[in-house]
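Load the model in a viewer and keep the selection tool at hand. The stops below are given in an order that can be followed by selecting one element after another.

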Amino acid sequence: MGTAATEPLLVCREVTKQFGALTAVNKMSFTLMPGEVLGIGGPNGAGKTTLFEAISGLNPATSGEIIFQGRNITGLPPEALCHAGIARTFQLNAGFDSLTVRGNVEIAAYFGRQNRLIPGLRIGRDVARHVDEALAAVGLTGKDDEIVGRLPVLDRKLLMLAGALASNPTLLLMDEPVGGLNPKEIDHVMAVVRKIAARGITIILIEHVMRFLVQLSSRVLIMHHGEKIYEGKPQGLIEDRNVVDVYLGEGASQRLGNLMKEQASA
Ligand SMILES: Nc1ncnc2c1ncn2[C@@H]1O[C@H](COP(=O)(O)OP(=O)(O)OP(=O)(O)O)[C@@H](O)[C@H]1O
């Protein structure tokens, strides 16, 4: 049975992650509705990636609860979460460098959707179709045979996204999808993310590039020292003294204000 639109897709309740004496994420709570795009920002070391690690199962929370589609998924391993419909991309390039673009996405499509205790010897027609769709969704069609280790940075970011999409996610977590890209490349990724959101995939994205974050997100959450210091509309960010002081700064805040005004009048 699917989740009704009025039920949250994801609920994080007092999620805490400690590394020894360091509390990297401190009692984070938030709710995500299906179809939302939630943007997470905050200074370096705020705990954003650690929160993703907990949700995606790569580094489980020390305490707290994570509920996905009404099911308690706290502490489940990454492969179980992937099969349940949670996919993610990484801040740094992740992929099999010596394989081709297609080979990488095939692995995601083949292993990302279900358990494969005894891997088959050939890629079936269904998997091939999922790979074609994922490559097309990010704009990598035609680059199937390129070796991943030789790809430019934009294509590597898109490849991670294609791999995540090939696992057929309901919830997609993106960790700094445009870090290190130039403005034109950022625009390309923005268009891809818009298309993914339009397909109904719920998204959480972490990003320092604020124009990307505010233009894509229906809601924004800002973290500082492992805690939530802001949650609300992107427009409210520049009016929040604390967010301006600890994260945006006056200059960036003004530029962001101008951008949002332009957007509103467009
Ligand atoms: N495996 C780990 N072991 C010990 N400390 C860690 C580990 N991973 C993260 N930390 C610490 O936890 C804190 C939060 O780190 P995290 O990477 O989640 O921040 P972030 O908000 O994603 O930062 P950035 O914007 O720089 O990516 C930092 O102080 C970091 O040094």
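Select helix 1 and step past its end: the next residue is G57, whose phi is positive, near 85°. Helices (H or I, at least four residues) and strands (E, at least two) are DSSP runs, numbered from the N terminus. The model is predicted, with local features requiring pLDDT of at least 70 and side-chain atom pairs counted only at pLDDT 80 or more, while totals for chains, interfaces and linings use all residues. Residues are numbered from 1 along each chain as its sequence is written.

Now colour helix 1, residues 48-56, by burial. A residue is buried if 20 or more other C-beta atoms lie within 10 Å of its own, exposed if 12 or fewer, and partly exposed in between, with C-beta atoms placed from the backbone. Eight of the nine residues of the helix are buried, so helix 1 is largely enclosed by the rest of the structure. The buried ones are K48, T50, L51, F52, E53, A54, I55 and S56.

Around the ligand are F19, L22, A24, G42, N44, G45, A46, G47, K48, T49, T50 and Q91, where a residue counts as near if its C-beta atom, placed from the backbone, lies within 6 Å. Strand 2 (22-32) and helix 1 are the elements that give two or more residues to this shell. Helix 1 provides the largest share, three residues. By class, the shell has four nonpolar, seven polar and one charged residues. Here Ala, Val, Leu, Ile, Met, Phe, Trp, Tyr, Cys and Pro count as nonpolar, Asp, Glu, Lys and Arg as charged, and the others, Gly among them, as polar.

Which strands does helix 1 lie across? Select strand 3, strand 6, strand 7 (171-175), strand 8 and strand 9; the helix runs at about 150° to strand 7. Axes are lines fitted to C-alpha atoms, for helices over the stretch in contact, and angles run from 0 to 180 degrees between N-to-C directions.

Next, show the open sheet, in which six strands follow the order 6-7-8-3-9-10 with mixed pairing. Two strands pair if DSSP finds at least two bridges between them. Strand 6 (86-88) and strand 10 (227-232) stand at the edges with a single partner strand each, so one side of each has no neighbour in the sheet. From one strand to the next, the twist averages 20°.

Within the sheet, pick strand 3, residues 37-41. All five of its residues are buried, so strand 3 is largely enclosed by the rest of the structure. In a regular strand the side chains alternate between the two faces of the sheet. In strand 3, V37, G39 and G41 are buried on one side, and L38 and I40 on the other.

Centre on G39 and look to its two neighbours. Its bridge partner in strand 8 is L205, and in strand 9 it stands opposite V220. Strand 3 runs parallel to strand 8 (202-206), with four bridges, and parallel to strand 9 (219-224), also with four bridges. Move on to strand 10, which pairs with strand 9 in the antiparallel sense over five bridges; there E227 is the bridge partner of H224.

Finally, zoom out and colour by domain. Domain 1 covers 1-85 + 172-266 and domain 2 covers 94-168, with bounds from an automatic or database domain assignment.

Definitions and conventions: Two residues are in contact if their C-beta atoms, placed from the backbone, lie within 7 Å.
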